[in-house]
Amino acid sequence: MDKKSKSTKRLKAAKEINRIVFEYYMECSQAKSRGIPVGWMPPMNGAIEIFYAMGLQPVFPENWSPVCAAFGMAPGNFEISENMGYSIDLCGYLRNIIGYVHGPIATSQSVLGNLPVPDLLISPGGGCVPVMKIFHALERRFPDAAVFRADLPQVALNDIQPHHIQYAVREIRRLISFIEETTGRKMDYDKLAQAVSLSDRACALWDEIMSYRKYIPTPFSAAEIGIMFVMVTRQGTQIAVDFLENVLKELQNRVAAKQGVIPEEKIRLFWDNIPLWYNLGLFNYFEEMNGVVVAETYSTAWSIRMDTNDPIQALALKSLKSYPLVSCVSMETRMDAILKACKEYSIDGVIFHRNKSCLPITLGQMDIKRRLEETMDIPSIIIDADHMDERNFFPAQFKNRADAFMEMLLAKRKTTP
Amino acid sequence: MTFDQIDGFRQAYEKRSQVLNELHAQGQKIFGYFCTYTPIELLAACKVLPVRIMGGRGKTEQCYNLLPEFICPFMKRSLEKALAGEYAFLSGIVQSYSCDAVCGCQAVWKNNFPDISLYSISLPYNDNPPARDFYVEEFQSLIKKLGQTTDFSFQEALRQAIAQYRKIREAVLMIYQYAQSGFLDISAEKMWYIVQAGFVMPPDSYLDLLNQQIREKRKTPVTTEKQIPVIVSGSEIGHPDILSYIEQKGGRIIWDDHCTGIRSFEPEAGCGNDPLECLVDRYMKRLPCASRSRAEDRWPEWDRRLQYENVQGVIFILQKFCTPHLSDIPYFKNQLKNNGIPSIVVEMDEGWEVSGQIRTRIDSFLDMI
């Protein structure tokens, strides 16, 4: 096994997503020449719908990092940021994007072009610390950009109270005012309602798509995780809805034809934590032993339905819920969601990626592991790695653990009626 | 409870488990907190004794059954101690999202110590009127969760608690100032114990001890001219050996930007129309920590120190894997360089040992200055 490998994809949608990725980054590159203001923001909040409704260009530096990992640009970016004094123990997204904006953004051209320099920075207070610190560094790097200091309550899902929602609503309104003042563009609230409606439709489609993975054999695996790109970058647009509708049709056909990922699906796996962006081929590794990764935690972040009758509150709630949904902020919800998924998706074993670049998702894994074993008799393994930095991934160690785990699951399957 | 003034602070710190277990047995409700953004005045007003959960020096074994290796010594050691039963006196924890590590660890504590109730508070990152209103609402929500109402008697209790902690902070800052100016003979190690004792002692006993210390003030100061004035900065310092070593080698710590130092003591209290507003004002204005602020927002206090004090160097004493402080290092090193101030970063693990490598680096650094 290599440190880096690309995944084998089976869905026709995989080709379509390549086109969408290309077009999105071309749109980013050309925004300035078309007179469209560019705003950089963290993902998983209500700013994206606001941007699309106002005809602005949203850019997601966090999402650019997987692109850098996939295209082999990350090691060079790490070298730049580490030479600036950023510790190797910091999150790979942080080291990558800071390296990128201090290096290749001005010089090299990747296959997907380069990110446009921001006119606006939506700098978060809330979310995880590395993302907050990324934006602090971006403020320094791009001093001409107008900065919105966003603020969001950090609260577990089951503890959200009216004053949390009211504060988040105030922040969404404040963001709209800030953009209006900075860009001179007025918010068209009909367009915002439309964007929220499209976002909600995309979430509904996303949920339906994920539910198709409950079929045995599953019509697609985690190797196709790239389809998530539309949920990160195209929420609030018809592009996401059209793409997801096509994916759904393809899945319906595959399920009707009982067409699985591999000829003989014996073991169904769950993946916890962010994938190794430089080695999505890892998901295919289990296929050699008739195992398929049929569900993962990360995809649940896009499973938030929105009240289209109240777009502002819908965006506030989305912003409040997205990060806690997948992180240690809402540990109980996360644990319950994994246990529920394991039941619904007929999971045989769970792979916990102990991710050196993401403490908020890694913390609590041992508790979840124990609960899975105690209450559902579902075995699991820990894979030590890093979603961005391949220096923290050891293929031989992975292979040893994964092989032993799969052998155990296959043996258990034989003895379990 | 009385302590010998000579080593009273150290005694209080080292005998904290015994004392706190006794108080717990007598029916005193004790709540823990990890971070100094927790409003301890509010807990005191709810008749709860706030006690800071600390890591300190020691082994880490059992905690790895629940935590990854790549988390700070503070969180590892705290959990290790809790698993060994050293926090059995706690009936609750009040904590905000200080950083990813604390947020995740409080969830781990919640899963593994069901007898300890967890109260999470969300603190705003901005300071503006809506953020302050939200802050008040969040405190009101906590008061309600703790079974209290914000009636007149509670307001009065809160007013008294604020007044008491104001006196404590004033006293600590006075001792710190006297130590800096040579009116009190207090080493960095002793100052560390003075601060730590405050995190684990009942406030009235602590204030008595502080006042005894203040009365030791000399009439004329001791000269410190031959020492090298340095600043130390980071998050929690789990053991004072590293501070003592800096002093042994000729350094004099003239200011510390640590949460086990005096970062959380300024300002002593806040202003407002009612006690809750005062409390919010105080926590909004406190010296910022890297976990909740921009490096640029921390810099003005540093700049003031560099302007008015003869700082010769900065030693960043960081916990391994501390994302908030590690992220701010490039900015600070750059700013210091622009001001002609040399700096080094040392990273400490849970042993808090001043290893040969660290000694060599500190020796060379101070020699160079």
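This is a predicted model: local features need pLDDT of at least 70, side-chain atom pairs count only at pLDDT 80 or more; totals for chains, interfaces and linings use all residues.
Begin at the second largest cavity, which has a volume of about 450 Å³. A cavity is a set of points, on a 1 Å grid over the protein atoms alone, where a 1.4 Å probe fits but cannot get out, and its lining residues have an atom within 4 Å of a point. The volume is the space filled by probe spheres set on the points, which are joined across faces, edges and corners.

Residues are numbered from 1 along each chain as its sequence is written, chains are lettered from A in the order in which they are written, and side-chain values use heavy atoms, without hydrogens and water.

**Second largest cavity.** Select B:Cys99, B:Ala101, B:Cys322, B:Thr323 and B:Pro324, which lie nearest the centre among 37 lining residues. Then display H14 of chain A with helices H4 (73–83), H5 (100–112) and H13 (323–338) of chain B; each supplies at least two lining residues. Helices here are DSSP runs (H or I, at least four residues), numbered from the N terminus.

**Largest pocket.** A pocket is an open set of grid points with protein on both sides within 12 Å along at least five of seven lines. The largest one holds about 860 Å³ of space. Select A:Pro66, A:Val67, A:Ala70, A:Gly226 and A:Leu280, the closest to its centre of 33 lining residues. The largest share of the lining, 6 residues, comes from H3 of chain A.

**Nonpolar core.** Finish with A:Trp40, B:Trp109 and B:Ile317, which have the most contacts inside the largest nonpolar core, a set of 301 residues. Such a core joins buried Ala, Val, Leu, Ile, Met, Phe, Trp, Tyr and Cys residues through side-chain atoms within 4.5 Å; buried means under 20% relative accessible area (1.4 Å probe, protein chains only). Helix H7 (152–181) of chain B gives the most to this core, with 13 residues. Centre on B:Trp109: beyond its neighbours within four places in sequence, its contacts (heavy atoms within 4.5 Å) include B:Phe34, B:Ile53, B:Tyr87 and B:Ile116.

How values were computed. Buried means under 20% relative accessible area, exposed over 50%, partly exposed in between (1.4 Å probe, protein chains only).
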